[in-house]
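Welcome! Please take a moment to look over the sequence and the 3D view below before reading on.

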Amino acid sequence: MFSSLGALFQRALALVTLAGVVYSQAATYDPYPFSFLGTIDDMTLNATGGPLAGGTLTVNGFVITIPKNSLVTLPSITVAWSEMFVDGKPNLPLLGTVSWEATVFGNVVQGQRIAGLVFIFQETTQLLQGFITSIDYTTGHFIVDNSQECVLNDPLGRYGLPYTTNPLWTVDADDPSVHSSTGYPLCIPRNSTDAECPLTNRPKDGDVFLTSFTMPDPALVVPGGLDPSIMVPLVVGDYITYSGIKAEDGILEIYSLEGNLGIYTAPGTKPAYLTCVAAQYGIIDPNPTLETAETRATAFVTDPSTTVQWYAIDIDPCTGVESERDLLLIEPDGTAPIGQTVFRLGKINASPATREVGFRYSSGTAPGPRGLVAGQFNQPIFDFGFPELISFGSNEIPLEFETIPFLAMGSGPLEYGNYLADPPPTPTLVGQLSPWPGNSAPGTLACAPPASTSASASGTASASGTPSAPSTSASATSTSTPVPDLITILTVTTRNQKGETTTTVEAETNNLASQLFLAILGVDNVDPQPMTMTSPSLFSLSVVTKGKPDFVVVTSSLNGGPIEEAV
Ligand SMILES: *[C@@H]1O[C@H](CO)[C@@H](O)[C@H](O)[C@H]1NC(C)=O
Ligand SMILES: *[C@@H]1O[C@H](CO)[C@@H](O)[C@H](O)[C@H]1NC(C)=O
């Protein structure tokens with residue numbers, strides 16, 4: 001009895017010890033990922049680092065390193081980290097009084113918490129709703145629900161009188177962020193006879209302004225009548241969903257406003273308008289223990305009869321030249337709500353992820369009001385879907401920023417996001433994030449220094465209806481010793497004809513700087529042949545052999561692979 005109690009005690013002791021061992025075995029590891037949504041305590045800027053300097057961002061007490069070359073996504077614009085400061089101090093109005101928040105994706109590397117992607121906004125975007133109860137044309141201010149005074153934060157005066165106090169928190173001047181539910185641009189009249197925002201562009205039933213109507217065919221527009229090439233005015237009584245920042249004077253400075261208005265354009269006519277309300281980009285990780293997120297978007301259109309092309313906007317890391325990569329062509333939904341267009345790529349590999357995606361009617365664009373390009377809409381991605389663990393309890397995988405070209409390779413000459421900023425004093429290339437938020441920095445391209453008269457690189461994508469081919473101007477010279485890229489063989493198909501076999505292989509790499517090669521093993525061996533780039537990171541090649549190959553083998557210029565697949 002006693003002895004067995006002793007044995008029990010000993011086993012209990014062993015368990016305790018074991019528990020202790022197990023506990024210490026669940027050791028932390030490094031690098032590990034973090035994605036934060038928290039309150040900003042502080043921000044610092046490396047004062048000697050120039051326009052692309054990094055610094056630190058403190059969120060909920062955690063100090064995060066902001067690498068050099070970081071661009072920060074704000075509600076309407078993307079800015080260099082240095083643009084977030086005035087005289088070395090964070091330019092966040094009322095910081096300490098109202099909550100400024102950040103979403104940060106990054107990795108902890110050797111104990112250092114390093115950001116990859118940063119988004120900043122005030123008070124969970126201040127998403128509010130209500131009725132416009134008065135509008136003052138002389139100031140452009142308007143009041144919602146008899147209490148909240150608002151103004152469009154519109155430094156360029158696109159949608160109303162110019163307002164320049166806090167230009168970082170601007171409306172989107174190129175892709176109307178002041179619009180109807182269907183994407184039609186809306187405005188606040190600058191005076192009672194503002195020809196660019198006339199009350200006559202809003203039909204009435206008696207004394208009541210309509211909230212749902214279709215614009216006439218532009219060929220049938222009569223002077224003083226409804227005109228689809230002019231904005232539609234907001235009026236007292238409109239129900240709006242709006243976001244902005246609170247600033248020193250207590251006025252809400254609006255950066256996005258949607259009026260609950262069903263404004264449509266005549267089927268098949270231009271100008272027609274559209275807007276995007278949500279876009280998520282799924283990041284593909286070849287690691288089989290991870291589940292891939294979806295790539296999807298939702299847009300709204302004024303012309304549901306015309307198909308809409310959704311495309312990713314790739315950026316040449318050296319020149320900043322944009323090229324479009326088609327993702328999906330969709331016919332807008334004919335059912336209620338009319339104008340909704342949902343794009344779902346599912347878990348199809350849409351790599352590489354881009355900072356922005358675009359939407360355009362397949363009929364192309366047309367000049368819109370006040371310099372807008374009607375018929376297309378560019379949208380920054382706020383929602384990058386990083387792969388998630390399939391098996392809970394396994395080690396978290398660091399976020400694979402090396403698969404995101406604009407972070408790994410850079411994005412061409414810096415252009416300030418602030419509409420009112422002078423251009424950078426000397427042309428500077430946005431390069432790879434440094435320090436790199438991962439184990440080892442991927443290889444980069446050797447870019448020629450930017451010309452002093454650098455052409456406009458960022459901003460709106462080309463207004464042509466046809467996507468341009470990816471630029472190949474940059475030479476794939478790696479600088480430091482690069483990490484081998486990860487190669488995935490996507491498809492292998494064979495076709496036999498007259499005793500010959502044509503083998504076609506499609507493969508992809510996670511490093512844009514990589515060139516893939518295909519070799520064939522079998523009766524008839526084929527030495528590695530350069531594959532043809534079909535879109536950034538995707539390669540294809542067909543090879544003819546006598547007899548059927550046994551294996552295809554893909555390698556890369558960055559020492560990736562060899563990856564073999566039996567035929
Ligand atoms: C600040 O920037 C300079 C120039 O890029 C760099 O040499 C220095 O290491 C940076 N300092 C910090 C603390 O990151
Ligand atoms: C009304 O505003 C428009 C646009 O700013 C301007 O061109 C026009 O001169 C203004 N009219 C009056 C009477 O102030």
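In which sense do β42 and strand β43 pair, and over how many bridges? β42 and β43 (residues 563–566) pair in the antiparallel sense over 4 bridges. Here strands are DSSP runs (E, at least two residues; helices are H or I, at least four residues), numbered from the N terminus, and two strands pair if DSSP finds at least two bridges between them.

A word on the model itself. This is a predicted model, in which local features need pLDDT of at least 70 and side-chain atom pairs count only at pLDDT 80 or more, while totals for chains, interfaces and linings use all residues. Residues are numbered from 1 along each chain as its sequence is written, and chains are lettered from A and ligands numbered from 1 in the order in which they are written.

**The sheet**

β42 belongs to an open sheet of 4 strands in the order β39-β38-β42-β43, with antiparallel pairing. At the edges are β39 (526–530) and β43, each of which pairs on one side only. From one strand to the next, the twist averages 20° (axes are lines fitted to C-alpha atoms, and angles run from 0 to 180 degrees between N-to-C directions). Strands of a sheet pair through backbone hydrogen bonds, either parallel or antiparallel.

Strand β38 (residues 516–522) pairs with β42 (residues 549–556) in the antiparallel sense over 7 bridges. Within this pairing, isoleucine 520 has valine 552 as its bridge partner, and leucine 521 has phenylalanine 551. Towards β43, valine 553 stands opposite glutamate 564. The hairpin of β42 and β43 has 6 residues between the strands, and asparagine 559 there takes a positive phi near 65°.

**The ligands**

**Confidence**

The chain has a mean pLDDT (the predictor's confidence in each residue, from 0 to 100) of 87, and 90% of its residues reach 70 or more. Over residues 1–24 the pLDDT is below 50, and this stretch has 0 contacts (C-beta atoms, placed from the backbone, within 7 Å) beyond near neighbours in sequence. Residues 453–481 also stay under 50, and for them the model has 65 contacts beyond four places in sequence.

Note on methods
Contact = placed C-beta atoms within 7 Å.
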